[in-house]
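Reader: I would like to go through the charged side-chain contacts of this structure. Could you show it first?

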Amino acid sequence: QVQLVESGGGLVQAGGSLRLSCAASGRTFSSYDMNWYRQAPGKEREFVAVITGSGGSAHYADSVSGRFTISRDNAKNTVYLQMNSLEPEDTAIYYCNAHLIVDRSYDYWGQGTQVTVSS
C-alpha cells in the first residue's frame with residue numbers, strides 16, 4: 001500500500017512557475033514509476049509526465065514538454081513537478097500516481113492539488 005500526498009499548488013500568473021511535490025509512504029517507493037496527471041474542469045484526466053523508479057528516464061506530454069520537469073528523490077520518497085512558463089491552459093487539479101506491474105498492476109493516487117494560472 002502506498003499513500004500519496006501532493007502539495008505546492010496555488011494561483012500564479014501566466015508565465016510564472018510552480019513546483020509541485022508528492023510525498024509517498026512506504027519502503028518500496030523506488031520500485032514505482034511515478035506519474036503526474038491533471039484534470040481540467042469539464043475534461044478527462046490526462047497524462048502529464050512520468051519518471052522511472054531509478055529516476056533515469058522521464059517522458060512528457062507534448063503539451064508540457066520543454067516547460068515542465070519531473071524529478072524524484074528516492075531518499076525522501078518524493079517526486080516533484082517543476083512547472084515553468086505556465087499558461088492558463090495548465091489550470092487543473094494535478095494528481096500524483098504511483099504505478100507498478102509485478103504479478104498485476106498496482107496504481108495509487110493522491111488527492112490532488114489545484115493549480116490555477118491567470119491570464
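Author: One term is needed at the outset: a residue is called buried when its relative accessible area is under 20%. Please note also that this is a predicted model.

Reader: Understood. How many salt bridges are there in the whole structure?

Author: A search of the whole structure gives four salt bridges.

Reader: Which residue pairs with E46?

Author: The side chain of R38 does, with an N to O distance of 2.6 Å in this salt bridge.

Reader: What about D90, how far is it from R38?

Author: The closest N and O atoms of R38 and D90 are 2.9 Å apart, and the two residues form a salt bridge. This pair links distant parts of the chain, 52 residues apart: R38 belongs to strand β4 (residues 33-39), while D90 lies in the loop between β8 (78-83) and β9 (92-101). Both R38 and D90 are buried.

Reader: Turning to R67, where does it sit, and what is its link to D90?

Author: R67 is in the loop between β6 (58-60) and β7 (68-73), 23 residues apart from D90, and the pair links distant parts of the chain. D90 and R67 form a salt bridge whose closest N and O atoms are 2.8 Å apart. Both D90 and R67 are buried.

Reader: Which residues are joined into one network?

Author: R38, E46, R67, E87 and D90 are, through salt bridges that share partners.

Conventions. Residues numbered from 1 in each chain as written. Predicted model: local features only at pLDDT ≥ 70, side-chain atom pairs only at ≥ 80, totals over all residues. Heavy atoms only, no water. Helix = DSSP H or I, 4+ residues; strand = E, 2+ residues; numbered from the N terminus. Buried < 20%, exposed > 50% of the residue type's maximum accessible area, 1.4 Å probe, protein only.
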